[in-house]
Amino acid sequence: MRLKDLREDNDIKQKELAEYLNIKQNTYSQYENGIREIPLDILCKLADYYNTSVDYLIGRTGNPNRL
């Protein structure tokens with residue numbers, strides 16, 4: 001999954017994303033580290049946040065642009 005790379009490339013802290021998603025920072029960390037499955041609604045919010053597709057976030061495509 002590309003969450004950590006996207007976050008670091010955009011100089012965003014886990015805490016900032018957790019606040020945007022209305023979740024705890026440790027929950028977000030578990031998503032990023034593959035410990036916990038990401039609910040679809042959170043995955044969609046992340047795709048919107050990064051202006052990319054869910055497919056890109058989960059590695060189904062290498063194209064970061066929305067289709």
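Helices (H or I, at least four residues) and strands (E, at least two) are DSSP runs, numbered from the N terminus. Keep that in hand for the tour.

This is a predicted model, where local features need pLDDT of at least 70 and side-chain atom pairs count only at pLDDT 80 or more, while totals for chains, interfaces and linings use all residues. Residues are numbered from 1 along each chain as its sequence is written, and side-chain values use heavy atoms, with hydrogens and water left out.

**Stop 1: a charged patch**

Select D5, E8, D9 and D11. Together they form a surface patch of negative charge. A patch takes residues with over 30% relative accessible area and no salt bridge, and joins like charges within 9 Å. A salt bridge would be a side-chain nitrogen of Lys or Arg within 4 Å of a carboxyl oxygen of Asp or Glu. Asp and Glu count as negative.

D5 sits in helix α1, residues 3-9. D5 is partly exposed, at 46% relative accessible area. Here buried means under 20% relative accessible area, exposed over 50%, and partly exposed in between (1.4 Å probe, protein chains only).

Go on to D11. D11 lies in the loop between α1 and α2 (14-21). With 69% relative accessibility, D11 is exposed. Check its backbone too: D11 is not a glycine, yet has a positive phi of about 50 degrees.

**Stop 2: another loop**

Select N51. Which loop holds N51? N51 is in the loop between α4 (40-50) and α5 (54-57). N51 also has a positive phi, about 55 degrees, although not a glycine. Its relative accessible area is 53%, so N51 is exposed.

**Stop 3: the tyrosine rings**

Show the side chains of Y20, Y49 and Y50. Ring pairs link Y20, Y49 and Y50 into a cluster. Rings of Phe, Tyr and Trp (its six-membered ring) pair if their centres lie within 6.5 Å; planes under 30 degrees apart are stacked, over 60 edge-to-face, and the rest tilted. How many aromatic pairs does this rule give? The count is 2.

Start with Y20 and Y49. Their ring centres are 4.7 Å apart and the planes meet at 50 degrees, so this pair is tilted. Y20 is in helix α2 and Y49 in helix α4, 29 residues apart, so the pair links distant parts of the chain. Y20 is partly exposed at 40% relative accessible area. Y49 is partly exposed at 33%.

Then take Y49 with Y50. These ring centres lie 5.2 Å apart, with planes at 90 degrees, so the pair is edge-to-face. Finish on Y50. Y50 is buried, with a relative accessible area of 13%.

Terms used: Patch = residues over 30% accessible without salt bridge, like charges linked within 9 Å, V, L, I, M, F, W, Y side chains within 5 Å. Areas by Shrake-Rupley, 256 points an atom, 1.4 Å probe, with all protein chains shown as cover. Charge placed at Lys NZ, Arg CZ, Asp CG, Glu CD.
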